[in-house]
Every structure is written in C-alpha cells, then in structure tokens.
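Let's take a walk through a model together. Please have your viewer ready.

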Amino acid sequence: MKPNGVLYRRSGLSTLIELETLRLGGERKTLIRRTLLVVAAEEPRLGESQLRHLLGRARDQIDTPETLRLTAAAAVFSPGARSVTPDSP
C-alpha cells in the first residue's frame with residue numbers, strides 16, 4: 001500500500017518534495033561558491049570573476065524551482081486540492 005493513498009498517479013506532495021530538492025541543490029551551489037570567493041581573496045589561482053559569474057548562475061537556478069515550488073505548495077495545501085502532476089490540466 002502506498003502511504004499517500006494514490007495508487008495510479010503521482011501525489012502532489014511528491015512534486016513538492018522534488019522541487020524542494022532542486023531548490024536545495026541551487027542553495028548548495030550558492031554556498032560553495034560564496035565559500036570559494038572568501039578563499040579566492042587569498043588564493044590567486046581561483047578566478048574571482050569566474051566565481052562571481054558562477055554564483056550568479058547558481059542564484060538564477062534557485063528562482064525557477066522556487067516559483068514552481070510555491071505554485072505546487074498552493075495547489076497541494078489549498079482546500080479541495082487534488083493531485084498535481086506534470087500532465088494534469
């Protein structure tokens with residue numbers, strides 16, 4: 001038995017968890033690059049401008065999953081919510 005009570009389609013909560021995981025991946029990249037920028041001040045082999053560029057890209061990679069996550073959360077937790085799937089109308 002599936003604990004979410006949905007046998008033949010995805011649970012909206014699954015989508016929400018997947019989007020949260022994607023967002024956390026972007027956060028991880030942001031934290032790593034911020035740390036490397038601190039190290040770059042003392043280590044000339046690390047390109048500070050390249051790290052700043054990568055930091056900007058990591059921040060951009062947070063925006064899309066976050067927007068989708070908020071939409072999925074509203075759908076999942078709203079009164080009368082039904083399962084949210086990629087092929088739902």
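A word on conventions. This is a predicted model, in which local features need pLDDT of at least 70 and side-chain atom pairs count only at pLDDT 80 or more, while totals for chains, interfaces and linings use all residues. Residues are numbered from 1 along each chain as its sequence is written, and side-chain values use heavy atoms, with hydrogens and water left out.

Of the 89 residues in the protein chain, 25% are buried, where buried means under 20% relative accessible area, exposed over 50% and partly exposed in between, using a 1.4 Å probe and protein chains only. The protein chain exposes about 6600 Å², with 59% of that supplied by carbon and sulfur atoms; the areas come from the Shrake-Rupley method with a 1.4 Å probe, and for residues only the protein chains shown count as cover. Take the contacts (heavy atoms within 4.5 Å) between residues at least 6 apart in sequence: 65% of them join residues at least 24 apart.

Now for the two helices. Helix H1 covers residues 12-40 and helix H2 residues 48-77, and they pack at an angle of about 160° with their axes 8 Å apart. The axes are lines fitted to C-alpha atoms, for helices over the stretch in contact, and angles run from 0 to 180 degrees between N-to-C directions. H1 is therefore roughly antiparallel to H2, a label for angles over 145 degrees. By class, their contact has 18 nonpolar, 5 polar and 11 charged residues; Ala, Val, Leu, Ile, Met, Phe, Trp, Tyr, Cys and Pro count as nonpolar, Asp, Glu, Lys and Arg as charged, and the others, Gly among them, as polar.

Which residues does Ala58 touch, not counting residues up to four places away in sequence? Ala58, a residue of helix H2, touches Gly26, Lys29, Thr30 and Arg33. Ala58 counts as buried because its relative accessibility is 0%. Its C-alpha is 9.0 Å from that of Gly25, 33 residues away in sequence.

Leaving aside neighbours within four places in sequence, Thr30 is in contact with Leu55, Ala58, Arg59 and Ile62.

Finally, look at Gly12, also in helix H1. With a relative accessible area of 6%, Gly12 is buried. Gly12 and Phe77 are 65 residues apart in sequence, yet 9.2 Å apart in space, C-alpha to C-alpha.

Technical notes:
Helices (H or I, at least four residues) and strands (E, at least two) are DSSP runs, numbered from the N terminus. Angles under 35 degrees count as roughly parallel, over 145 as roughly antiparallel, 65 to 115 as roughly perpendicular and the rest as oblique.
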